[in-house]
Amino acid sequence: MKKIIYKNIDEVVYQVTLKNNMNVILLYKPNFIEKTAYIVSKFGHFDSIRKINLNGKEVQIPWGAAHFLEHRMFNINNQDASDLFSKFGAYCNAYTTYEKTTYFFSCQSHFYECLKILLEMVDSFSSTDEQINKEKSIIIQEAKMYQEEPIHLLTANIFDQAYFNHPINHEVIGTVETINQINKEELSEIFNIFYNPANLTLVVAGDILPSQLEEFLNKNLLKEKSNVIIEPLKISEPEKVKKEMSTIYLPTINTTRFAFLFKLKAIQDAKEKDKMYFCYNFILDYLFSDSGKLSEKWLSEKIISTLLEYSIYSNIDLDCIIFYNIGEEIDLVVENIKKVFNKNQEFTMSLKEFEDMKKCYYGRTIKSYETVGGLCSNFVYDLYTSCNDFFLETQEVRSLTLNDIYKAYQNICEAVTTLVVLRGD
Amino acid sequence: MNKIKNVSLGRCNHLYLSQTKKFKSIGIKVIYKLKYNYKNISYFNILAKYLGNCTKKYPSIEKCNQYIDSLYGSNVGIKTNFSNDLFTISFFINFINPKYVLDESLIEQAIILLHDLIYDPLMDENGLDETIFEICKNNCLVDVESLNEYSLSYVYNKVKKEFCEASSAMAMSSLGSKRVLKSATKQNIISYYNKLIHAPFDIYVNGEYKLKKMENLIKKYFLKKNCRAFSYSSFQLVPFKKFNPINIKCDVQQASLVIAYHLPVLLDDEKQYAAKILRVILCGTLSSKFNKVIRERLGLCYFINSVYSSSYGKFYVMTGIESKNASKVLENVQKQIEAVCKGHLLNKELKMATMVLINDLKSTNDTLFGHINMIENYHQINKEFDLTKEIKKYKSVSKEQVIEVCKLLTYCGYGVLSKEFL
């Protein structure tokens, strides 16, 4: 395995591409008891815009298929993978996101036995119609659970309202209708195309010997399933939004909430996209975090009653910012946010403030490497979405300039916006 | 396992120093112990927000947080907690190991900040800063308002209240009471601040640092003599009580169900190890009985979880289901418990549950505050945490002991929030 040393931050990484083209990364963490492994398929929710060939017919991948397949991958020769992991006291789980599906386990002992189970999970697909039907009822329960979570509901509705063609306007889990449409043949075909070793990355973290890991993986190589070339996704999306405002209802809530989205022009260049992502974070923290320039002012002027929350989404052909808040003074908050991001408004950040923010980011990032689980999940989070070397991100941030910040600010000012209000009955 | 050095910081205060090179940061936690009172929760929640956001030196939310950020993105937190008649308020700071930023003064700066947040607050003869006080009070009220928006926690809180007085620690929400929060004045908060600074405290430190230097720095800022010791018990058996089903009607897609059991095994009881193993066997992992039967075999839910409260002797099962399936879930949960009582328990299930709990214990050493929290939890019940001994205790639990504990589980009632009455 190739060894990469990041001396300044005491981190060592090993990397190898196996004979079957599967990429393997070891985040070496000596003296930790916990060991963890994540296997990541570059097949996620957004891939539902693709078509596959089924019995000579081209069909679109159903919404929710990636997530449905994730549930069924726990079936290994009619045994539940979680039962197999639990024999070793290991914890296992999986999740589906926009661009990938991730399976992982965490253990304190029997690492290689657990890794074998994880590899078996993604090496073959077997499910009966009966198992698939039972899974549908479980997933429909899951979908209903999300429908009653205020933040989930707001986010799903605002994406649907902001985007015309982008798959983000569909929920990862699908709908009751699309979940019910999913069948064994589709899942099997999807598996053969997208769970090819070349489309998978294994990320391991813990006190594990690289030579031993490589030897084990070469003895347990995953099968190559198909030679279909997977083209990168390309999504075309107009700059405008579907609708500017809507109100939705959830009987269980006592307080009105809202989400306010800035639909930014999607950046195509990977380096520039990563750079702008950091800049957007800097601007929002500078204005709206605990230490933000506007937070205390807005709280004391009763424009907001709690801190404004915000999320930045940067993904395939997608860049946007969502603000969330609680309270009845929605127009006032929205008006004030719009004023902040007005082209005619002057936005300044002093060099000292900018350098202090970089210092803060540096410290927080280094701290985020300190646990096995945290490091590995952060690494996987960035996989396929960022073009930076994970451990060199702090250097990327150090190289940012105030001009980059002003450029990002302009991007936000040029965005179109949309609002969703969530009220109780 | 890390060795702990115990240093006295005055009449009833202690410093516990633990060293490890594993982490990138250093953590310091100061824990004050007070007698539980239901008003404490609300008032101390406001006080915690106030103290965490300003000091005399940094007299605004913005300035105080900017200073915290400038210490290389340090994290500062204040948390309240309570169990039976013990109420605790903890202040903690987590900052990067100075070797990564070549700034040795960072340790002292972090300790001074922690000290100032507690002992040099933004207070004068006129009391607290009016604007910051109002912001903090309002934040606490919003937190309480939002809490009940999650159906399952709403039902869980309703069920807990069936067992005891509404003002007892077991029934109280950690966010406090809306009524008490609304009536809070600056004078109330100042009087609670005075209670806080006269309460006994312990300090825990973990990370890579020079032992003597850290000890001296902590002594320099935290050597206090004016505390008042008191006796407490953080656990007490809440008597068995059967209650009528709680039906809450609401137009929801998914019903939230909480089933309550009496399990008279407390923290000081040797049977607690068997009780914890029983919880994992029944409903602690994806391979537990309830998950296998209710989720996998019958497809009745997406998740099913449980809580064993060893402070009060209660066991709760919670799940989100379709309203029409509530009776089926109740019936099958009961059937699984009865089956274990009759001896239907496999060796592999016992082994799996024991391993899960032992692994959880071991992994506390893999996080900076995990280790500190474990030592602190044991101190609260006047015990020293000994990982080897604890592992032995779990390993010695037999199948028969788990079955005996299962026989102690007594059904008390359930609460459900759904579209229709059951």
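Predicted model: local features only at pLDDT ≥ 70, side-chain atom pairs only at ≥ 80, totals over all residues.
Contact here means heavy atoms within 4.5 Å. Residues are numbered from 1 along each chain as its sequence is written, chains are lettered from A and ligands numbered from 1 in the order in which they are written, and side-chain values use heavy atoms, with hydrogens and water left out.

**Exercise 1. Describe the interface of chain A and chain B.**

Step 1. Take the contact residues: chain A gives 60 and chain B gives 62.

Step 2. Turn to buried area, the accessible area (1.4 Å probe) that two parts lose on being put together, summed over both. The two chains bury about 5,500 Å² between them, with 53% of it on carbon and sulfur atoms. On the chain A side, A:Q141, A:E296 and A:K367 lose the most area to chain B, together 12% of what that side buries.

Step 3. Look for salt bridges (a side-chain nitrogen of Lys or Arg within 4 Å of a carboxyl oxygen of Asp or Glu). Seven salt bridges are counted between chain A and chain B. One of them pairs B:K24 with A:E11, whose closest N and O atoms are 2.7 Å apart.

Step 4. Check the predictor's scores: the complex has an ipTM of 0.90 and a pTM of 0.92.

**Exercise 2. Characterise the largest cavity.**

Step 1. Points are joined across faces, edges and corners, and the volume is the space filled by probe spheres set on them.

Step 2. Searching the whole structure gives one cavity of 30 Å³ or more. The largest cavity has a volume of about 40 Å³.

Step 3. List its lining: B:K57, B:Y58, B:Y67, B:I112, B:L113 and B:D116. Helix α3 (residues 106-119) of chain B supplies the largest share, three residues; helices are DSSP runs (H or I, at least four residues), numbered from the N terminus.

Step 4. Sort by class: four residues are nonpolar, none polar and two charged. Here Ala, Val, Leu, Ile, Met, Phe, Trp, Tyr, Cys and Pro count as nonpolar, Asp, Glu, Lys and Arg as charged, and the others, Gly among them, as polar.

Technical notes
1 Å grid on protein atoms, 1.4 Å probe; cavity = no way out; pocket = protein on both sides within 12 Å on 5 of 7 lines; lining within 4 Å. Helix = DSSP H or I, 4+ residues; strand = E, 2+ residues; numbered from the N terminus.
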